[in-house]
Amino acid sequence: MEERVFHVLMREVCTEKGIKMEKLSYDWILQLTKGDKVRHITGTRFDLNPEASGDIACDKYATFEVLNSQHVPMIKHTMIFNPSCRSSYIDDDGIWITVTSEFLKYGCLVVKPNYGCEGQGVYLCHTLKETEAAIQKLFKTQSSISICPYYDIITEYRTFYLDGKVYLIYGKTKPFIIGDGVKTVGELVEGLNLPDKSVVQDNLNSLDLAYIPNKGEKVEISWKHNLSGGATPTILEKCDLYEKIEKLAIQAGKAINMNFATIDIIETTDHNLYVLEINSGIGATIFTEKVEGADEIMKEIYRHALDKLFQ
């Protein structure tokens, strides 16, 4: 079986630094030993963040509450509790007055789990009927979900934040095809070499794959910017926008007392910046597959993280 990209990079960096790396618990845990110090990585989460900070980052609504309380711009989240298992948190009016009010206020909502990644279980709802269906679907597995206004996004950026500094920012361009007047959407999609992920199939299920776009017609494969859904990463070079994103990422990281995280930030069509979410996992498999030289970029970030881990 081929070793995970993250493990390959970590093994190379650990070898450089004289750190012994062992895989435990069916490869979920990396146990790192240097001298008399032992440290751990679970999945792609380094043993660098306070437990409470990690918990906040893993919960999208909690992240919003903390950042909003400290006036750090983040997309608005409204918590909706599942009546079947969280009824004690719901008042006598129920949940649908809030849902309807939010929909009528914004005309379009994004419904998503509070816990989740790679855009899974995230729905764009243009009608109240679609909103209700999405909520009911998520309630089959979730005790709470968030509803958010839809933001018209130019680009979503991922920042790599460590110990009060940003080491990398890359933008994500949504996957799309350009029609030639001959081939169907399905045929054109085949040429994109999309990741073999369930979120990709969910995106394709929403398209008319038999439709033949006109020559030059652009068809977006997804409204989401996840690399796992086929988005393309492009490293953002130092510029005025870089500095603004960097400043916001540092504000967000410090607000929840994170030491090592990826912080996703959106730029809207009116050129405002908002935090989308904070992730305690620092994997970059698809990024390294799609960007030349990305292996070395990530290894340099991991070098700094291991220095912090063993200081």
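This is a predicted model: local features need pLDDT of at least 70, side-chain atom pairs count only at pLDDT 80 or more; totals for chains, interfaces and linings use all residues.
Let's begin with the rings. How many aromatic pairs does the count come to? The answer is 9. I'll take you through two of them.

One of these is Phe46 with Tyr302, a stacked pair with 5.8 Å centre to centre and 20 degrees between the planes. Where do the two residues sit? Phe46 is in strand β4, residues 45-46, while Tyr302 is in helix α10, residues 294-309, so this pair ties together parts of the chain that are 256 residues apart in sequence. And are Phe46 and Tyr302 buried or exposed? Both are buried.

Now the other pair, Tyr170 and Phe287. The ring centres of Tyr170 and Phe287 are 4.5 Å apart and the planes meet at 10 degrees, which is why I call this pair stacked: the planes have to be under 30 degrees apart for that word. Here too, distant parts of the chain get linked: Tyr170 belongs to strand β10 (residues 165-173), Phe287 belongs to helix α9 (residues 285-290), and they are 117 residues apart.

Next, charges over rings. I've got two to show you. Lys218 has its charged end sitting over the ring of Phe176, at 4.6 Å from the ring centre. Then there's Arg39, which lies over the face of Phe310, 6.0 Å from the centre of that ring.

Last topic: backbone angles. Ser25 isn't a glycine, and yet its phi is positive, about 50 degrees. You'll find Ser25 in the loop between β1 (20-24) and β2 (29-34). With a relative accessible area of 43%, Ser25 is partly exposed, because that value falls between the 20% and 50% limits.

His271 is another non-glycine residue with a positive phi, near 65 degrees this time. The loop that holds His271 runs between β14 (260-268) and β15 (273-279). At 56% relative accessible area, His271 is over the 50% limit and therefore exposed.

That's what I have, thanks everyone.

Methods
Residues are numbered from 1 along each chain as its sequence is written. Side-chain values use heavy atoms; hydrogens and water are left out. Helices (H or I, at least four residues) and strands (E, at least two) are DSSP runs, numbered from the N terminus. Buried means under 20% relative accessible area, exposed over 50%, partly exposed in between (1.4 Å probe, protein chains only). Rings of Phe, Tyr and Trp (its six-membered ring) pair if their centres lie within 6.5 Å; planes under 30 degrees apart count as stacked, over 60 as edge-to-face and the rest as tilted. A charge sits over a ring if NZ of Lys or CZ of Arg is within 6 Å of the ring centre and within 35 degrees of the ring normal.
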